[in-house]
Every structure is written in structure tokens, then in C-alpha cells.
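Have a look at the model below before reading on.

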Amino acid sequence: MSNYIPTIGVEVHVELKTKTKIFSPSINGYGQMANSLTNVVDLGYPGTLPTLNKEVFNLAIKAATVLNCKIRREMHFDRKNYFYPDNPKNYQITQARTPIGYDGYVEIEVDGKTKKIEIEEMHIEEDTCKSTHRGTKTLLDFNRAGVPLIEIVTKPCISSSTEAKLYLEKLKELLYYCDISDCKMEEGSMRADANVSIRKSEKDPFGTKVEIKNIGSISNVGVSIEKEISRQEKLLENGEAFKEQTRRYDDKLGDTVLMRVKETGNDYRYFPEPDIPFIYITDEMIENVKSTIPMLPNERVKKYIEKGIPKVNAEKLIQNRMLSDYLNSILDSNINFKIAANLLLGDISAYLNKEETVLNKTTLTTERFIDLVNLMDNETLTSKNLKDILNKVMESNDSIENIIKESGVQNITDDSAIKETVKKIINENPKSVQDYKEGHDRAVKFLMGQIMKETKGSVNPKMAMDILIQELNI
Amino acid sequence: MNDKLSREEVLHVAELAKIKVTEEEIEKFQVELKKILNDVEKINDVKGYDDDILIAPWSRKTTLREDKEEEMLQPKVVIETAPRHSGNYIEVPVVISEGVSA
Amino acid sequence: MRYLNKDIKTIHELLKNKTIKPIDLVNEAIERIENSTQNAYITLNKEEARKKAIELEGKEVDNILFGLPIAVKDNIITKDLLTTCGSHMLDNFIPIYDATIVEKIKDKNMIIIGKTNMDEFAMGSSSRTSYFGAPRNPWNEEKISGGSSGGSASTIANRDVLFALGSDTGGSIRQPASYTGIVGMKPTYGRISRYGLVAFASSLDQIGPMTKNVYENALLLNAIVGEDEKDLTSARKPEEDFTRYIGKEINGMKIAVPNYLMSDIVSSEIKDSIKETIEMLKKEGAIVEYVDVKYLENAVTLYQIIAMGEASSNLARFDGIRFGHSCENPKDVEELYYETRREGFGDEVKRRIMVGSYLLSGENAKDYYNKALSIRDDMKKEFENTFKNYDLIIGPTTTTTAYNITDPMDDPLKSFMDDVLVIPVNMAGLPGLNIPVGFDKNHMPIGMQIIGNAFEEAKIYQLASFIENKLNLELNPNGGEE
């Protein structure tokens with residue numbers, strides 16, 4: 001076990017899901033032809049000026065709210081000045097002095113205990129353009145230039161890679177559920193940097209800080225923090241001092257690599273952006289945004305459990321927002337939610353995956369889904385039979401009852417028909433009847449199996465059982 | 001007050017400004033820049049100001065735009081304005097240091 | 001036949017009754033400009049202007065500015081028309097969009113005759129920092145026409161066209177207007193959209209009209225003001241006619257003269273001329289009082305900090321990547337930056353960018369820039385207080401009259417001191433106008449500055465036109481030409 005205590009802070013950039021960019025009305029889009037989503041403002045042409053997208057503020061207020069941040073009411077933007085080819089104006093418009101949100105927190109569960117990860121601040125800024133290095137050249141695509149970002153900065157209050165990962169998963173879940181961001185790390189719409197230092201005791205001052213930049217996935221955040229901690233430990237154990245530095249995680253090496261050593265700190269020459277006067281956030285804006293916040297994942301799990309869904313399934317459901325939203329839309333109905341959850345996580349998910357489609361592109365309206373759940377609840381339809389008619393359920397507009405009838409998979413619920421089959425099975429299996437009479441319960445199970453086999457599972461099992469017991473006891 | 005910046009100071013501000021200065025220019029700028037900076041020091045004679053700052057006079061409240069797209073530029077137009085380009089990209093000579101990303 | 005030295009009402013009538021066509025005016029302007037030694041223009045828009053003039057022949061003369069040539073300062077973006085900002089950095093820059101103000105003058109069917117010469121990126125007070133050489137003063141070609149809008153001032157004074165646009169960050173409309181004996185207005189900050197004005201100091205820059213007389217100035221202002229959704233610093237104001245008080249009496253008008261503006265920094269010749277005008281105004285019923293306005297003497301310092309700080313950031317985009325000048329065969333991106341900017345910028349611009357970078361670096365931003373913004377706020381309040389008791393403020397526009405083009409340029413503070421009397425107006429974002437009030441012993445024009453409260457340009461025009469009428473000076477340097 002290590003002799004050092006790690007101190008970790010995480011900075012996350014997420015791209016906001018707006019239609020247009022923050023400072024211009026160009027489309028905020030991904031995966032389009034290079035330099036096809038730009039205008040003169042995004043390119044920093046001489047004479048151009050920024051305008052401000054209202055939706056950016058709505059989403060930032062929403063994020064601040066779900067991250068339990070205080071919301072600043074009067075703010076301005078600042079210019080961060082640095083030359084780099086991906087930075088069209090050679091300054092980035094950001095909020096250095098008046099971040100829109102501050103003093104927030106996110107709750108995570110560590111070893112069954114709740115821990116608050118404190119958020120120092122969250123601010124709005126613009127994304128840079130995308131640069132690709134090719135031999136002796138760098139190619140620039142300005143489609144991403146001016147895409148709105150929020151940067152969320154934690155206090156140095158994270159004490160393990162596990163906590164860092166749990167925090168990021170929680171953050172991702174919250175932002176994704178609120179439609180604030182796609183949070184796709186693989187597409188760069190969520191990016192994480194970690195600051196890592198170690199020290200011997202809580203009483204010691206913080207150790208030398210190392211920043212790990214642009215880590216491509218949550219699991220790599222974990223790996224890179226682990227690697228960085230052990231790298232620093234080795235250095236300190238060998239009595240080697242090291243300077244504040246920036247490293248990046250190299251996927252192929254599975255380790256962090258030095259990017260640059262910080263000399264005297266970057267001189268960004270921040271000053272208030274003179275092209276954008278003060279912005280005032282009104283009560284009305286905040287109230288409007290609050291009314292658009294959906295039920296958050298934690299609350300959903302609680303609700304699902306209340307409705308009789310096992311915890312494990314409740315947690316599985318919120319992993320898939322489409323299924324969870326679908327279920328939420330019928331949460332007020334009076335159905336068997338355990339069956340509903342099983343259906344969504346089982347056959348329906350399998351169908352959607354196979355067909356590579358989504359629920360609202362199938363014919364399974366919530367009304368038909370409710371019918372389906374009820375028909376299974378009263379055992380008119382068994383889950384085995386559902387498999388035979390699933391395609392029709394998902395693809396036709398016919399009522400579920402009709403589909404069942406037409407495909408002949410309906411459970412036999414006719415007393416006499418069942419009685420006939422039961423009698424036949426009893427006659428064919430005298431040994432088991434004998435076993436039953438001698439008190440061997442497993443005989444019933446065997447006979448039921450035979451009945452189901454005979455009827456190809458189309459018999460209502462509860463009715464068949466009742467009749468079987470009756471007949472055996474005559 | 002000094003009447004000259006040091007060589008290092010001139011080179012430092014030239015670096016911030018990303019402007020190459022020749023040997024002769026360094027000497028010239030040592031004097032000229034210092035002359036302006038000495039003048040700027042008069043700010044220290046002003047007393048009695050507070051924390052309120054003036055960013056944009058007479059237009060102190062920002063109006064926000066609706067999130068609606070407007071016409072964009074054709075990639076062809078974008079790259080043809082640029083001194084160097086290839087394909088649909090604007091091109092720059094290789095970037096040596098890994099820069100700061102947002 | 002000369003038309004462009006006449007007043008707008010006459011020309012408008014001639015256009016309306018088809019005695020002349022827009023092409024006649026365009027041809028006259030082009031001929032004058034091409035044959036002049038003024039060096040007022042960087043680019044002459046010959047073919048396009050003629051094309052546009054002929055196009056207009058089929059249209060109704062629907063407004064008073066219809067068909068009139070206008071000169072545009074070369075830091076205002078014009079689509080498909082070279083826009084250099086007086087710099088080698090942009091001497092190949094053909095913009096792909098129009099500034100909002102250019103759209104507005106095109107909507108009025110005005111014809112852009114060319115792009116006027118100016119100090120490089122508007123940094124200077126004599127237009128001598130232009131990459132294209134200094135424009136000359138029509139009153140005496142040995143003299144500067146002031147700056148940074150020196151080309152616009154020169155072409156108006158020479159009666160080449162009726163209208164020109166300038167820009168004023170620290171006096172760059174009013175000071176050249178004073179040196180050349182014309183009317184130049186810097187409107188209230190936010191009056192006119194800055195979208196498409198290449199930024200020098202964003203919180204100070206403002207476009208304004210330059211004309212030979214007050215009425216024409218107010219007419220052009222009518223056409224170019226208004227809130228612009230593309231410029232968040234533009235102000236929302238009800239529409240108004242800036243000519244509406246022109247011709248009205250000034251009886252009872254309360255006018256303040258700040259003592260600082262009449263202090264020893266101003267030449268006695270100019271002070272005398274201003275005093276004469278003051279006496280005339282008093283005689284006509286105005287109440288003129290000398291007052292102290294705090295912070296006026298600090299304005300240049302604030303200007304240096306704010307303008308250079310903002311400029312260092314605004315001019316960072318000139319890096320040889322997306323537009324403009326780019327150095328040959330850079331081996332890496334650092335060399336691209338350093339060489340492009342060394343080659344592209346002149347000395348004055350380099351100095352200001354370097355000083356500005358210094359003033360914002362590290363702790364300096366707090367000690368200089370933020371402090372300046374705070375004092376600036378106090379200065380604005382001080383002006384507001386003065387305007388509680390007075391309608392207008394007056395004083396000289398410049399400390400001297402136009403000096404020789406060949407005067408030494410070795411003092412880096414000279415360009416700031418030339419603007420010492422006009423800079424306070426930019427600091428407070430107020431409207432200010434130059435009106436000619438006399439001549440010095442060498443018959444070079446002397447100007448008076450009229451400063452109004454925010455958005456009270458109409459009141460400024462009222463006093464300016466009154467003075468114009470009363471003094472009735474011969475302001476055409478070519479005298480009684482016909």
C-alpha cells in the first residue's frame with residue numbers, strides 16, 4: 001500500500017447541444033465537410049464582432065442548476081490571449097472573472113457512502129478549431145471554432161482514480177439527461193483534464209501539480225491517474241524533484257507522456273471583452289430553465305424501485321435514456337412495472353439492437369406497450385410466445401390482441417381443452433402419478449413440463465397447474 | 001525613472017506580441033517603448049477611483065440572439081481567402097509545440 | 001462644369017430634374033482625384049462606381065443622398081473592394097462581406113468612390129504611418145491633413161466629393177477635420193454599428209461623417225445610425241432627424257468651457273480664435289461659463305492604456321493564416337507569426353502592440369488596464385455631472401494647426417499629444433464635432449470642438465450650424481473656383 005495521499009482535481013469541457021454556435025449563427029455540427037460550417041465571425045475576419053446565443057445561457061443555467069451551483073446574475077466575458085493556429089482570433093472569449101456558476105457539487109457513491117465532489121466554478125467559453133498534423137503541415141478545419149463549451153472545474157477534493165471516474169460518470173449522466181450535451185468523449189463533445197499531486201500527509205502542503213490533458217475516455221482517466229500517481233511516487237521515493245508540467249495520456253503506450261514543463265505560468269493577458277457588454281440573468285430566465293429540467297437519474301431509480309422494479313433493473317434502465325424516458329412517459333399508468341421493465345430491457349432492447357433502430361421509429365406506441373404489458377400480466381401471452389410475434393408487435397399497427405389471435409399463440413384458457421390435455425398426460429405417466437401420491441413434489445413439475453411440451457407452451461400455466469392438481473387429487 | 005528598457009524586456013514583449021525584432025530595432029525599442037511606458041506611469045497619480053469598470057459606454061446591457069442558423073460560407077470561399085490551403089483545409093506549417101487547447 | 005463643390009440641395013435638384021446624372025458626379029470625382037496630388041485615396045473604385053452610377057439611371061431619385069459619391073475610410077470593410085487599413089499587412093485583402101454601415105449607404109444608393117488613406121490601423125495623428133504615404137492638406141500641400149482619417153479629411157476639404165466616412169478612436173475624425181477646415185462628427189459610442197470596422201480599440205472606436213458643412217453632416221448621420229444585431233455594443237434609440245434643430249436660435253443655451261481645454265497646452269493663436277467665437281456666442285444670447293472638469297488631464301494616460309491594450313489583442317488575428325499578408329516559406333508556425341507580423345506591421349503599430357501586450361501581461365492588467373477602466377467610469381460620471389448644468393461643452397479641437405509633413409517622427413508620444421483635447425470624448429463615449437472657426441497667420445484652419453451629452457448629436461448640430469452661419473468663413477481651399 002502506498003505511503004502517499006493523492007489530491008486530484010478534474011476539469012471537464014463539454015460542448016453544448018445548441019443549434020448554432022455561441023458567437024455566430026453558424027451551425028453547431030459534427031462530422032460535416034471541412035470548413036462548411038463557418039462564417040466570417042468564426043474565422044475571426046477583420047471587422048467582425050461576436051453576438052450571443054440565448055440557448056447557451058439556458059443550457060449553462062440548466063447545468064449550473066443540476067450541478068447545485070450558485071448562479072451569477074451579472075457577468076461579462078474576458079479575452080484569453082494566446083497565439084495558436086486553432087485559435088482564429090488568437091484570443092479565446094471565455095469567462096475568467098465572472099463564471100456563470102460557482103460553489104456547486106455532485107454526489108457520488110463510493111463504497112456505499114455518499115461523497116460530495118465540490119465544484120469550484122463552471123464558465124462559458126468558445127471551442128477552438130480542429131487541427132490535424134500531417135507531416136510538415138497542419139490542416140485546419142474551422143467547423144468546431146465557436147462551438148459553445150462549458151468548463152466545469154472541481155476543487156482538489158478527489159482522492160482516488162475511482163472517485164474521479166465515478167464523478168465523470170455522474171456528470172455525464174446529469175448533462176446527458178438534461179440535454180445539455182451529447183457527452184460523447186469519442187467525438188470530443190466531452191473532454192477531461194486531471195490535475196494530480198501527491199503528499200505524505202494531510203498536514204503537508206500540496207505536492208507539485210501535474211496536469212494530464214485531453215484524456216479520451218472515462219476509463220483512461222482512471223488509468224492515467226493511477227499511472228501518474230505511481231510515477232510521482234517513484235520519483236519522490238528516489239528523491240527526485242519534478243517541475244509543474246503538462247502531460248497527455250498516450251493510448252498506445254498506456255501511459256502519460258510529457259507535453260511541456262511550465263516555466264513561469266502562461267501569460268494569457270486576460271482582460272474584459274470590450275465587444276460584449278454586461279449580461280444580466282433574470283429570475284424569469286432561471287425559472288423558465290428550471291421547468292425544462294427532466295426527472296434526474298437518481299430520482300428515476302428511486303421511483304422505479306417504488307413501482308416494483310428490482311434495483312438492478314432500475315439501474316440498468318437509466319443506463320439507456322431512451323428506454324428510461326419511454327418508461328417515464330407511462331409512469332402514471334397502473335400496470336405491472338416489473339414486467340414492463342423486463343420487456344424493455346429484454347426482448348425490446350434486443351429487437352432495437354438487432355434492427356439498429358430506436359423506439360419512436362417502431363410502431364410500439366405507449367398505448368400498445370401498455371396493452372402488451374397487461375396481456376402478459378394476465379398470462380394471455382407468455383414471454384416465450386412473445387418472441388414469435390415480436391416483429392409484428394414492433395412493426396405493425398394492429399392491436400396486440402389481434403396479433404396474438406391471428407398468430408395462434410394465444411394461451412389455451414379453455415377449461416375443457418386443458419382438462420383433456422391434463423388427462424392425457426396423467427394417463428401417459430403413471431409412474432409420476434404414483435410419485436406424486438407418495439409425496440414427491442417434483443412429480444408435479446415434471447407433469448407440468450410435459451403439459452407445456454404437449455401444448456407447445458400455449459396453455460395458461462396457472463390454469464393448467466390448478467387443473468392438474470385437481471385431477472391428481474380426484 | 002529609467003530611460004531604457006532592458007534587452008530582455010524588449011524581447012519579452014516582442015515574444016508576447018509575436019513580432020520579430022532585429023538587433024538595431026531592439027535598441028530603438030528599448031528607448032521608444034520605455035518613453036511610452038514612463039508616460040503611462042502617470043496613472044499612479046490618479047486617486048479616488050473604485051472597483052466599477054466601464055466596458056462599453058452607453059450600451060450596458062447585452063441582448064441575446066435566438067438559436068437560429070443563418071447562411072454560412074462555402075468552403076471554397078473560406079480557403080481561397082487564405083494564403084495557404086490544401087483540399088478543403090486551411091494550411092499552416094507544422095506546429096512544433098503542443099499548444100494549449102480550450 | 002463643377003458640381004461637387006455645390007451644396008447638397010442644389011445637386012439633389014439637378015439629379016431630380018435630370019439636368020445631371022450620377023455618372024456625371026462620378027466622372028467629375030474620379031477626374032479630380034486622379035489629377036490630384038493629395039494622396040487621399042488608397043484605392044479608387046473607378047469601374048464599379050461607374051457601373052453603379054449607370055445602373056442608377058434607371059432608378060427613381062428616392063432620397064436626398066441618392067447617386068452621390070462617398071469616400072470610405074480604408075478600415076471599413078467593403079465587399080470585393082480592397083480594404084488595407086493603410087497597412088502592408090492587408091495590402092492584398094479583398095473582403096468577402098460588407099460592413100453594416102456600407103450596406104446602409106448602398107441602401108441609400110450612394111456610390112463608393114474609393115477607400116481613403118489613413119494611419120496604419122488608425123494608429124497615428126498625421127496619417128504619416130500609412131504604408132501608402134501621407135495624404136496632403138489641400139490648404140497647403142506641405143502640411144499634414146491630420147489623422148488617422150487624413151484621407152477622408154483631405155478629399156472633403158478639396159471638394160472632391162460631398163461625403164466621407166471616418167473613424168474616431170481618440171480624435172481621428174475631429175482632429176483631421178480641424179486641420180483641414182471641415183465638419184467632422186464622432187457620434188455617441190453605440191450610435192453606429194461597428195460591425196465591419198476593423199477594430200483598433202473596441203471600446204473607443206466609432207465611425208462618423210465628414211463633410212464640408214453642418215447640414216450635410218447631419219444628413220449623412222441620419223442614414224448611418226441605428227442598432228445592429230451584429231454589434232452588441234450598438235445602442236437601441238428611437239429614430240430621429242439630426243437636422244431638426246439646424247437654423248434654430250441659441251438664445252439661453254448654457255455652454256461650458258473646461259479650463260483645461262483653454263490651458264497653456266494650447267497655442268495662443270487658437271485660444272484667441274476660440275475666445276472670439278465665445279464672445280460672439282455670448283453676444284447672441286448664449287450663457288458661456290468656464291468650468292473645471294475632473295480627469296480631463298488624465299485622459300491621454302487612460303487612452304494609452306486602454307487603446308494599446310485592446311489593440312494588442314485586436315491585432316493578434318493578423319497572423320498570416322486565414323487572410324492578408326503571409327511571409328514566404330516559414331519553416332514552422334512560430335516563424336510564420338514572427339516574420340509575417342514583422343513584415344506586415346509598421347513601427348507605430350509594432351510599438352503600440354508591444355506596449356499593449358506589456359500593459360496586459362501578468363499583474364499589469366490589474367495595475368493598468370483595470371485601473372484605467374475604473375477611472376474611465378469616474379470620468380464618464382464627471383461629464384454626466386457637467387451636463388446636468390450645461391447643454392454643451394466647447395473648446396479648441398487641437399493645440400496647434402496642421403504641421404509640416406516633413407516634421408520629425410521620432411517622438412513616440414507626439415501622436416498622443418496631438419489628440420490631447422479630443423481624447424476625453426472617446427473615454428466618456430460622448431458625441432463630439434469639429435467646426436471651423438478661423439485661420440492662423442499662415443491661413444491654416446482652426447477648429448472648435450463641440451461636445452454633447454450622450455445621444456444629443458442634434459443639439460451639437462444646432463450650435464455648430466449657428467456658428468457656421470454667423471462666421472460665414474470661406475472654407476474652400478481652392479477659393480472662389482467655379
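Predicted model: local features only at pLDDT ≥ 70, side-chain atom pairs only at ≥ 80, totals over all residues.

Rolling a probe the size of a water molecule over the atoms shows where empty space is left. Searching the whole structure this way turns up six cavities of 30 Å³ or more. The largest cavity holds about 120 Å³ of space. Its lining is made up of 14 residues, and the closest to its centre are A:Phe23, A:Val41, A:Pro50, A:Lys89 and A:Ile93.

Next comes the second largest cavity, with a volume of about 80 Å³. Chains A and C both supply residues here: A:Pro46, A:Gly47, A:Thr48, A:Leu49, A:Tyr91 and A:Asp275 from one, and C:Leu197, C:Val198, C:Ala199, C:Asn314, C:Arg317 and C:Phe318 from the other. By type, that lining has seven nonpolar, three polar and two charged residues.

Now for the single residue. A:Thr51 sits in the loop of chain A between β1 (5–15) and α1 (54–66). Is A:Thr51 buried or exposed? With a relative accessible area of 9%, A:Thr51 falls under the 20% cut-off, so it counts as buried.

Who surrounds it? Beyond its neighbours within four places in sequence, A:Thr51 is in contact with A:Ile22, A:Phe23 and A:Ser24 in its own chain, with B:Arg65, and with C:Glu229, C:Lys230 and C:Leu232. With B:Arg65 there is also a polar contact, side chain to side chain, at 2.9 Å.

Methods
Residues numbered from 1 in each chain as written. Chains lettered and ligands numbered in written order. Heavy atoms only, no water. Helix = DSSP H or I, 4+ residues; strand = E, 2+ residues; numbered from the N terminus. Buried < 20%, exposed > 50% of the residue type's maximum accessible area, 1.4 Å probe, protein only. Polar contact = N/O pair within 3.5 Å; in protein donor to acceptor, adjacent residues only side chain to side chain. Contact = heavy atoms within 4.5 Å. 1 Å grid on protein atoms, 1.4 Å probe; cavity = no way out; pocket = protein on both sides within 12 Å on 5 of 7 lines; lining within 4 Å. Points joined across faces, edges and corners; volume = space filled by probe spheres on them. Nonpolar A, V, L, I, M, F, W, Y, C, P; charged D, E, K, R; others polar.
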